Amino acid sequence: MINIRKHAPAIDEKVLASLMAQPAATVHEAMGRRGALDPAIKPICRSMKTCGQALTVSCHTGDNLMLIKAISMARPGDVIIADMGAAKDSGPFGEVLAVECVTKGLAGLVVSCAVRDSLEIEKLGFPVFSNGLCIKGTAKATLGTINHPICCGGQIVYPGDVVIGDADGVVIVPQSEASEVLKLAEERTAKEEKVMSRLRSGESLFDIYGYQKVMETLNCSEE
């Protein structure tokens, strides 16, 4: 078995840049409500946002050897997304690794466990998404995989998929669907802008979308 694969398919940088401007929730809705990671995985600071292609990592529970290796080989703009095993209460990533990530120009990190040194990471401005904070350290003794498919936060992630994260959570866009999802997300954003303009003029969302017909279909009774 090849533990480490060095290359993942690339997509158009303009598509990535445009997806960065879209909220994670909008992208999730545009994909037919697919791709959302476990809502426990959130940014350690609400202002953090990330968008980039996935460099996937699978680590043994309580071990960050492969995460360190992945960071060493990552390219500018990559988002490292890691399945860190069964234990949530470990801190395999902190300030030291964050400094390396910032220096290399990485776009972010998503892990299925906790991290530590949160204040220092926040000061560095490196986007980190985790399921919490924990000071417990980890071993560096067991092999895993890099650039293989993984399961993180309940979603299958392939190398090169697009990872989008903001204050609301993280969504995964399959690499092959990126351009189409961008188109649908932009259309949804434009539609919502028009709706909000109508709301500012005094209309009701209930009336704009015709929800009364839904209520009637459900045989709703009113006084």
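Figure 1. Buried here means under 20% relative accessible area, and serine 130 comes in at 3%, so it counts as buried. Everything in these views comes from a predicted model. Serine 130 sits in strand β5, which covers residues 128–130. A polar atom of its side chain lies 2.8 Å from the backbone oxygen of glycine 132. Look past the neighbours within four places in sequence and you'll find serine 130 in contact with Ala40, Ile41, Lys42 and Ile44, and also with Val111, Cys113, Ala114 and Val115.

**Figure 2. The whole protein, for orientation.** Before zooming in again, here's the overall layout. The protein has 223 residues, and 43% of them count as buried. Its secondary structure comes to eight helices and 10 strands. Taken along the principal axes, the C-alpha atoms fill a box of roughly 65 × 40 × 35 Å. Among contacts between residues at least 6 apart in sequence, 75% join residues at least 24 apart.

**Figure 3. Isoleucine 71 in helix α3.** Helix α3 runs over residues 65–73, and isoleucine 71 is found in it. Is isoleucine 71 buried or exposed? Its relative accessibility is 0%, so isoleucine 71 counts as buried. Setting aside neighbours within four places in sequence, the residues in contact with isoleucine 71 are Ile80, Phe93, Leu97, Glu100, Cys101 and Lys104. For a sense of scale, pick out asparagine 219: it is 148 residues from isoleucine 71 along the chain, and the two C-alpha atoms are separated by 57 Å.

**Figure 4. The largest pocket and its lining.** This pocket has a volume of about 180 Å³. Which residues line it? Ala10, Ile11, Glu13 and Leu16 do, along with Gln53, Arg75, Pro76, Gly77 and Asp78.

Figure 5. Rolling a probe the size of a water molecule over the atoms shows where empty space is left. How many cavities of 30 Å³ or more does the structure hold? There is one. The largest cavity contains about 80 Å³ of space. Its lining is made up of Lys6, Ala8, Gln53, Ala54, Leu55, Met73, Ala74, Arg75, Asp78 and Asn147. Strand β2 (residues 50–58) gives the largest share of that lining, three residues. Overall, the residues around the largest cavity divide into five nonpolar, two polar and three charged.

Figure 6. Asparagine 147 is found in the loop between β6 (145–146) and β7 (150–152). Its phi is near 60°, a positive value in a residue other than glycine. With a relative accessibility of 6%, asparagine 147 counts as buried. Now find aspartate 117, in the loop between β4 (108–111) and α5 (118–124). Phi of aspartate 117 is near 60° too, again a positive value in a residue other than glycine. Aspartate 117 has a relative accessible area of 32%, so it is partly exposed.

**Figure 7. Threonine 145 in strand β6.** Threonine 145 is found in strand β6, the strand at one end of the loop that holds asparagine 147. What makes threonine 145 count as buried? Its relative accessibility is 12%, and the cut-off for buried is under 20%. Beyond its neighbours within four places in sequence, threonine 145 is in contact with Met1, Asn3, Thr56, Val57, Ser58 and Met66.

**Figure 8. An aromatic cluster with a stacked tyrosine pair.** A search of the whole structure turns up three aromatic pairs. In one of them, tyrosine 209 and tyrosine 211 are stacked, at 5.8 Å centre to centre with 20° between the planes. Tyr209 and Tyr211 form one aromatic cluster together with Phe206.

Definitions and conventions:
Residues numbered from 1 in each chain as written. Predicted model: local features only at pLDDT ≥ 70, side-chain atom pairs only at ≥ 80, totals over all residues. Heavy atoms only, no water. Helix = DSSP H or I, 4+ residues; strand = E, 2+ residues; numbered from the N terminus. Buried < 20%, exposed > 50% of the residue type's maximum accessible area, 1.4 Å probe, protein only. Polar contact = N/O pair within 3.5 Å; in protein donor to acceptor, adjacent residues only side chain to side chain. Contact = heavy atoms within 4.5 Å. 1 Å grid on protein atoms, 1.4 Å probe; cavity = no way out; pocket = protein on both sides within 12 Å on 5 of 7 lines; lining within 4 Å. Points joined across faces, edges and corners; volume = space filled by probe spheres on them. Phe/Tyr/Trp six-rings, centres within 6.5 Å; stacked < 30°, edge-to-face > 60°. Nonpolar A, V, L, I, M, F, W, Y, C, P; charged D, E, K, R; others polar.
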